[in-house]
Amino acid sequence: MIKAPFCLGDRSNDGSALEICHAKIMPTARQLFKSRLPNVAELLRMTNVGVIKSSTKESVSLRLLYFKSKGMKMNDVLSVGVIGAGGIARSHMRAIEQNDNIRLVAVMDVDADRAESAAAEYGGKAYTNLEALLEDAEVEAVHVCTPHSLHADQVVAATAAGKHVLVEKPMALTVVDCDRMIEACDQAGKILMVGQVMRYYPVNRLIRQMIADGEIGEVGHLMRRRYSYFNPTQPGSRYRHWYLDLEVGGICVLYCFGPHEYDILHWYLDSPVQQVYAQGTESTELYEGQKDSYTAVMTHANGAVSVLSQSVVCHASAHDQYIVGSKGSMMLAGQKLLVNGEAVPVNGANGDGMSNQIREFATCCLEGREPDASGRSVRHSMAVIEAAKHSAEWNAPVQISEFE
Ligand SMILES: NC(=O)c1ccc[n+]([C@@H]2O[C@H](COP(=O)([O-])OP(=O)(O)OC[C@H]3O[C@@H](n4cnc5c(N)ncnc54)[C@H](O)[C@@H]3O)[C@@H](O)[C@H]2O)c1
């Protein structure tokens, strides 16, 4: 019989009620309360469990019992810490809750309030010091969710401490730093994955598979646009001002949005970029000192040409693409996919991407397998971005081999 001292109001007094309850419902106490399952109240009544307090320790304990009830051993579950408890970290923590093969044991932020409120909401210990989190033996892997200029050093420190790493995009602000991160992970024998969440959107996986299966023949041209108006200084913006600081965030259009966009092109085609020619412009006061719009033309190893046009100062937004092959064509706008002009159903939504990504990370760490969005694979995207930046500065095509 599992004892459940954290289960207040368990009228059976020996934990038996909870055993039934946790076996049937969700992995954490928070989800127990916030679950959209229509029958939670009924289940609670049925199992005799009155109230489960949702403090950190208790929610972790409940999770352990849940794994046990499913016949899972703790080494089937990756214990992670999240570094940086800002906007995207909360999406990571929600996705951790959605997956059985991963659990949150720690959160670290230099801002104590953010660390503590995230830990109170999602579970785990709160830290304000990176070294302390990295010394925590319970933490097997970390998610680096901090501003861009911190990624490289935090990844190197985490792998040196023996942790696997999932680092948010952009992998880093320079290819030199990407190489430093890959080498550190190789030396420590740890997994390095980058948060290329768009690779985990069901529609993107379908497009990649259809191209690989030759559904539209040999791809000749791929044209993609991403336009939006991105102003973190606007009142009410959920983004912080560091995104406009060149030293911290890098050129915003290239290093905030670009990592998703440049990455997906060579990933779809499974063919690296060999040459890039880009032009960029500095259009507004908001982005004074940096270019806010770029268009890049890339030649891939398989001969295909891709064109990416991006802007962060366009009030009407667009996020779409056209792919033209020898036997057909595809169009994607948002999540709507057309193949040869006909709508194709997609099994799953873009909103599933984060959860899919987190599951892949945990699986790879537990099985010692290289993730699809590995540091090595994403390093290529960062080389293409750096080449695009130089190309626009020099007004000349740049070979990616220069970054090898
Ligand atoms: N995958 C996506 O679609 C997506 C979306 C948004 C952001 N991101 C990426 O996620 C990362 C974080 O972005 P965000 O919008 O969540 O930023 P944010 O500013 O909301 O959060 C960053 C957090 O890091 C903390 N921090 C700052 N310095 C720190 C340090 N030295 N150690 C620990 N914590 C520190 C801050 O206090 C803050 O809470 C960036 O790399 C960003 O590009 C990805």
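This report walks through a strand and its two partners, then a pair of helices, in a predicted model.

Let's start with E1, which spans residues 78-83 and is mostly covered, with 6 of its 6 residues buried. Leu78, Val80 and Val82 point one way from the strand, while Ser79, Gly81 and Ile83 point the other way; all of them are buried.

E1 pairs with two strands, E2 and E4, as laid out here:

How does the chain get from E1 to E2, and what is the hand of the crossover? The chain passes through helix H5 (residues 87-98), and this β-α-β crossover is right-handed.

**Helices H8 and H9**

Now to the helix pair. H8 covers residues 151-160 and H9 covers residues 175-188; their axes come within 9 Å and cross at roughly 5 degrees. Because angles under 35 degrees count as roughly parallel, H8 is roughly parallel to H9.

Which residues meet here? H8 brings Ala152, Val155, Val156, Thr159 and Ala160, and these meet Asp177, Arg180, Met181, Ala184, Cys185 and Ala188 in H9. By class, this contact has 8 nonpolar, 1 polar and 2 charged residues.

Notes: Residues numbered from 1 in each chain as written. Predicted model: local features only at pLDDT ≥ 70, side-chain atom pairs only at ≥ 80, totals over all residues. Axes fitted to C-alpha atoms, helices over the stretch in contact; angles between N-to-C directions. Helix = DSSP H or I, 4+ residues; strand = E, 2+ residues; numbered from the N terminus. Parallel < 35°, antiparallel > 145°, perpendicular 65-115°, else oblique. Contact = placed C-beta atoms within 7 Å. Nonpolar A, V, L, I, M, F, W, Y, C, P; charged D, E, K, R; others polar. Buried ≥ 20, exposed ≤ 12 C-beta atoms within 10 Å, placed from the backbone. Pairing = 2+ DSSP bridges. Right-handed = clockwise from strand over helix to strand, strands pointing away.
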